[in-house]
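Keep the sequence and the model in view while you read.

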Amino acid sequence: MGSGQVTDWQGKNVTVAGLGVSGVPAAKVLHGLGAKVTVVNDGDDPRAREQAAELEALGITVRLGDGATLPEGTELIVTAPGWKPDKPLFAAADEAGVPVWGDVELAWRLRKPGAAPWLAVTGTNGKTTTVQMLASILRAAGLRTAAVGNIGVSLLDAVLGEEEYDVLAVELSSYQLHWAPSLRAHSAAVLNLAPDHLDWHGSMEAYARDKGRIYEGNRVACVYNMADKATEDLVREADVEEGCRAVGFTLGTPGPSQLGVVEGILVDRAFVENRQKNAQELAEVSDVNPPAPHNIANALAAAALARAYGVPAGAVRDGLRAFTPDAHRIAHVADVDGVAYVDDSKATNTHAAQASLAAYESIVWIAGGLAKGATFDELVAGAAKRLRGAVLIGRDRALIREALARHAPEVPVVDLDRTDTGAMLQAVQEARRLARPGDTVLLAPACASMDMFTNYNKRGDAFAQAVRELGA
């Protein structure tokens, strides 16, 4: 079962690894194509049993509590993206010469002839925002599109559904890219690279290599971040189609084959006639919502991919103006007594928090939660001069407190020794006490939320509620 389309699924023995959000639709699609599908799943909980019953009613075999054994006769494994590459199932598949695809690879292989090309985005942070901006720009250009992949519409639905698209804006995680060997995008961007998910990939090198797969076989443009040399290195290493170009984006003045910012204007010197001399105005920085530095970088990456597809400059501006960010991403909650309160609960790692902290001049920082193995020295050292104070919550707050003591000893710190959900109200009250008019109280935890909240949305909601109680 080499590269290219698999046109005849009739009777093929396919094992789907994992139920979950990608496994169940993959099993249904393959069954519908005539494959003999067996689903294996590590867990055997009530949710898994419910999903198993739904699939078994269709005639699909499900093995719960046994994700390690390769079912006899398996010709292909389609895995959920979260399954680690070192699982015994994959070792058995390797030994038996059985290929392993992810849900993205399956969707790529099932595209219809003449299907919409993919404009693909990956990176440690900013993927979702960039893909949503890109889809907004493409829509403003009158193109039929959707934000798909790791967000929004499932890729399988997008390639197999009734709706016809001109082009797709595709968010891809490092997990998905690991299991997508034959994916070939029209153009792709790696926004940034910072240590993340290293427990899954095994090393930073393996993580970077999987991110870099997004550039393989690109036809028109490999978009990279000039402030992050690792992304440019991945472009250099990629095997692309003849004529494909490297296009950088920068918050500074762009050179030829780059997009950047000149006096508050987003400009393109890559997709213009005579790029040595000419630049095309795309939008104003004020058209980007919110106009924080990392978000302007996201907008430039989205613009570069849209321009690679041939979108006119006016559509870039209109698309950026029409875009509204998701909740809990640098969301301005309220101003109380001259102090701005900003919810960036989505900043669940140090890289995202760093971008958030860089957006404001004087900050009372609310941080803490589950560190996921992260260290905070670099983050705190970089933000020290902007910090008016810090309020720490959550299980691993001591790690941040120690980094503050080392790199910002003069910054007052309130350490809240509690992990109940009511801690957020106290945190906001303490932050108000530390703040002065003109400051920003910023929830950018740099940590995951599950020690105190179901997810980062609930954490952000608790912050917003606490701020509303201040202003009441």
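Asp377 is partly exposed, at 25% relative accessibility. Asp377 forms a salt bridge with Arg406, and their closest N and O atoms are 2.8 Å apart. The model is predicted.

**Salt bridge between two helices**

- Asp377 and Arg406 form a salt bridge. Asp377 belongs to helix α14 (residues 377–383) and Arg406 to helix α15 (residues 397–407), so this pair ties together parts 29 residues apart in sequence.
- Side chains of opposite charge can pair when their charged atoms come close.
- How many salt bridges does the structure hold? The count is 24.

- Arg401 sits in helix α15 and Asp415 in strand β19 (residues 413–415), so the pair links parts that are 14 residues apart in sequence.
- Arg401 is partly exposed at 35% relative accessibility. Asp415 is partly exposed too, with a relative accessible area of 28%.

**A salt bridge between Lys12 and Glu75**

- The side chains of Lys12 and Glu75 form a salt bridge, at 3.7 Å from N to O. Lys12 lies in the segment before β1 (13–17), and Glu75 lies in the loop between β3 (61–64) and β4 (76–79), so the pair ties together parts that are 63 residues apart in sequence.

- Helix α2 covers residues 46–56. Its buried residues include Ala48, Gln51, Ala52 and Leu55.
- Why do these four lie on the same side of α2? They cover an arc of only 105° around the axis, which puts them on the same side.
- An α-helix has 3.6 residues a turn, so residues three or four places apart point the same way.
- The buried residues of α2 pack against α1 (20–32), β2 (36–41) and β3.
- Exposed residues Pro46 and Glu50 are carried on the face of α2 turned away from the buried side.

**Val235 and its contacts**

- Val235 is part of helix α10 (residues 229–237). Its relative accessibility is 11%, and Val235 counts as buried because the cut-off for buried is under 20%.
- What does Val235 touch, leaving out residues up to four places away in sequence? Its contacts are Tyr215, Cys222, Tyr224 and Ala246.
- Val223 is 12 residues from Val235 along the chain, and their C-alpha atoms are separated by 8.1 Å.

**The second largest pocket**

- About 250 Å³ of space lies in the second largest pocket.
- The lining of this pocket is made of 16 residues. Lys112, Ala115, Ala116, Glu164 and Tyr165 lie nearest the centre of the pocket.
- How do the lining residues divide into nonpolar, polar and charged? The lining has 8 nonpolar, 2 polar and 6 charged residues.

Definitions and conventions:
Residues numbered from 1 in each chain as written. Predicted model: local features only at pLDDT ≥ 70, side-chain atom pairs only at ≥ 80, totals over all residues. Heavy atoms only, no water. 1 Å grid on protein atoms, 1.4 Å probe; cavity = no way out; pocket = protein on both sides within 12 Å on 5 of 7 lines; lining within 4 Å. Points joined across faces, edges and corners; volume = space filled by probe spheres on them. Nonpolar A, V, L, I, M, F, W, Y, C, P; charged D, E, K, R; others polar. Salt bridge = Lys/Arg side-chain N within 4 Å of Asp/Glu carboxyl O. Buried < 20%, exposed > 50% of the residue type's maximum accessible area, 1.4 Å probe, protein only. Arc of directions from axis to C-beta. Contact = heavy atoms within 4.5 Å.
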